[in-house]
Amino acid sequence: MKLSTPLVLKPSHVQSLTVSNRFLSALKQFGKQLIQLIVGTHEVQIWQVSDRAGNVYWRVYDPVTKDSTSFGSSSEVRIWLEQRYYR
């Protein structure tokens, strides 16, 4: 029985894989945004953001009213969503 030799990646290969993964991730995100732009959506968009100091906050965008705002916690986002729903 012959044992196969292990696969050894050079640091340059690992770096190029990381760059490729980031590129594919960015391309996938771009595709999602392009589809939303073409099709249009009325769903609220929510995403988490961190600033240069490492502070984390939440951004929300309502495409119906075209309002955009920020919240310091996910609880505040939930409250905003509930108030928006019951308007």
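A few ground rules come before the details. Residue numbers run from 1 along each chain as its sequence is written, and side-chain values use heavy atoms, with hydrogens and water left out. Since this is a predicted model, local features need pLDDT of at least 70 and side-chain atom pairs count only at pLDDT 80 or more, while totals for chains, interfaces and linings use all residues.

The largest pocket comes in at about 160 Å³. A pocket here is an open set of points on a 1 Å grid over the protein atoms alone, where a 1.4 Å probe fits, with protein on both sides within 12 Å along at least five of seven lines; lining residues have an atom within 4 Å of a point. The volume is the space filled by probe spheres set on the points. Gln-29, Lys-32, Gln-33, Gln-36, Gln-45, Ile-46 and Trp-47 line the largest pocket. Helix H1 (11–39) and strand E1 (45–50) each give two or more residues to that lining, and H1 has the largest share with 4 residues. Helices (H or I, at least four residues) and strands (E, at least two) are DSSP runs. By type, the lining splits into 2 nonpolar, 4 polar and 1 charged.

Val-39 lies in helix H1.

**The salt bridge.** The structure holds 1 salt bridge (a side-chain nitrogen of Lys or Arg within 4 Å of a carboxyl oxygen of Asp or Glu). Arg-84 pairs with Asp-62, with the closest N and O atoms 2.8 Å apart. Arg-84 sits in helix H2 (residues 74–85) and Asp-62 in strand E2 (residues 56–62), so the pair ties together parts 22 residues apart in sequence.

**Exposure.** Buried means under 20% relative accessible area, exposed over 50%, and partly exposed in between.

| Residue | Relative accessibility | Class |
|---|---|---|
| Val-39 | 67% | exposed |
| Ser-70 | 33% | partly exposed |
| Arg-84 | 24% | partly exposed |
| Asp-62 | 2% | buried |

Ser-70 belongs to strand E3 (residues 67–71). C-alpha to C-alpha, Ser-70 and Trp-58 are 5.5 Å apart in space and 12 residues apart in sequence.

Note on methods: Ala, Val, Leu, Ile, Met, Phe, Trp, Tyr, Cys and Pro count as nonpolar, Asp, Glu, Lys and Arg as charged, and the others, Gly among them, as polar. Buried means under 20% relative accessible area, exposed over 50%, partly exposed in between (1.4 Å probe, protein chains only).
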